[in-house]
Amino acid sequence: MLTVTPDYYRDFRCIASACRHTCCAGWEVDIDPDALETYRAMPGELGRRLADAIDVSGGTPHFRLGPGDRCPFLNSKNLCDLILSGGEALLCQICRDHPRFRNFLPGHTEVGLGLCCEAAAGLILSRKEPLRLVVTGDAEPTDEDAAALLELRDVVMSTAQDASIPLETRMERVLTLCGAILPARSWADWAAFYEGLERLDESWTEELRLLARRGDLVDITLSDPDRSAAERLLAYFLFRHFLKAYDDGDVTSKAAFAVLSVQLLLTLSACRAAAGSFGPRDFRELARMYSAEIEYSEENMDALFDELVCADGET
């Protein structure tokens, strides 16, 4: 089995209590069967706390969230009492994995870091070098569809990261390579579309309303740090989502999603900059928020892919 990771993957470290957007609040934490068995056998005070915190009434066991939708084991110092008690081995699978994601092809697994984690966002978007993929393991037979998709992804990623070409031109070429066309809509229209999706945080609603008011009026002029972050962002979206086309046979929506997402975040950045100062850290926070709102909702991703799929060159 081949395993593919971004070259920055092993540099990731959770920043724990220093994180301003803890992944231990605002999300329902499902408990896998192995962890549930461990928790039910846990003795002492920790065992009693676990028994009180686990809800099995809805079918899928999960932790009952406390005030502020905080995990019951997230303490006042924003540290995990389960880790403090027994190390990361005591975590359920979803907590051990986050912010990692995985994509699977026959004989081929890719593992990356999700942008909704602020530590991961800082690692991904502060880099100056193009994304390089690290391959480990032994090659196994794959099918023609998977091989063709990987070959196309390589070409698309190379184009997306070709620094000799203006970023805007690269995005156009990515769309062309995949037979994709973005719908001809104003940013006010796109803001209305996104506002109709599932939302977690009212701060995102405020950003969308700013996009609706100012998006069609601003001029996007990228500084070198902004351009570098946008390039890394385009590569991230292509790496994370392109191989999903293996399941549905559609690369157009995956390429269009990557380009639209970068264009939207750049436009929002320009809106914010026009209203005051806006720097690289602000761009990373905007990208983190977008990821949390969109990439971590299966319903939102499905709605966007459906909206962006091209048939016979039309959207």
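Here is a walk through the ring pairs and charged pairs in this structure. Keep in mind as you look that the model is predicted.

Let's start with the aromatic rings. The count of aromatic pairs comes to 13. One of them joins Trp190 and Phe193, whose ring centres are 5.7 Å apart. The planes of these two rings stand at 90 degrees, so the pair is edge-to-face, a label that goes to planes over 60 degrees apart. Are they buried or exposed? Trp190 has a relative accessible area of 3%, so it is buried. Phe193 comes out at 18%, and because buried means under 20%, Phe193 counts as buried as well.

Now turn to another ring pair, Phe257 and Tyr290. Their ring centres lie 6.5 Å apart, and because their planes are at 25 degrees, this pair is stacked. Which parts of the chain does the pair tie together? Phe257 is in helix H12 (residues 252–274) and Tyr290 is in helix H13 (residues 280–295), so the contact joins parts that are 33 residues apart in sequence. Phe257 has 0% relative accessibility, so it counts as buried. Tyr290 is also at 0% and counts as buried.

Arg185 lies over the face of Trp190, at 4.7 Å from the ring centre. Lys254 does this for Phe305, at 4.6 Å from the ring centre.

Next come the charged pairs. Side chains of opposite charge can pair when their charged atoms come close. How many salt bridges are there in this model? The count comes to 15.

Take Asp81 and Arg49 to begin with. Their side chains meet in a salt bridge, with 3.1 Å from N to O. Asp81 lies in helix H3 (residues 81–86) while Arg49 lies in helix H2 (residues 44–53), so this bridge ties together parts 32 residues apart in sequence. Asp81 is buried, at a relative accessible area of 16%. Arg49, on the other hand, is partly exposed, at 29%.

The bridge between Glu110 and Arg153 has its closest N and O atoms 2.5 Å apart. If you trace the chain, you'll find Glu110 in strand E5 (residues 108–113) and Arg153 in helix H6 (residues 144–160). The two are 43 residues apart, and the pair links distant parts of the chain. Glu110 and Arg153 are both buried.

Arg288 and Glu285 make a salt bridge too, and their closest N and O atoms are 2.9 Å apart. Why are these two about one helical turn from each other? Because they are 3 residues apart in helix H13. Arg288 and Glu285 are both buried.

Finally, salt bridges can be linked up. Which residues do this here? Arg170, Glu231 and Arg232 are linked in a network of salt bridges.

Terms used
Residues numbered from 1 in each chain as written. Predicted model: local features only at pLDDT ≥ 70, side-chain atom pairs only at ≥ 80, totals over all residues. Heavy atoms only, no water. Phe/Tyr/Trp six-rings, centres within 6.5 Å; stacked < 30°, edge-to-face > 60°. Buried < 20%, exposed > 50% of the residue type's maximum accessible area, 1.4 Å probe, protein only. Helix = DSSP H or I, 4+ residues; strand = E, 2+ residues; numbered from the N terminus. Lys NZ or Arg CZ within 6 Å of the ring centre and 35° of its normal. Salt bridge = Lys/Arg side-chain N within 4 Å of Asp/Glu carboxyl O.
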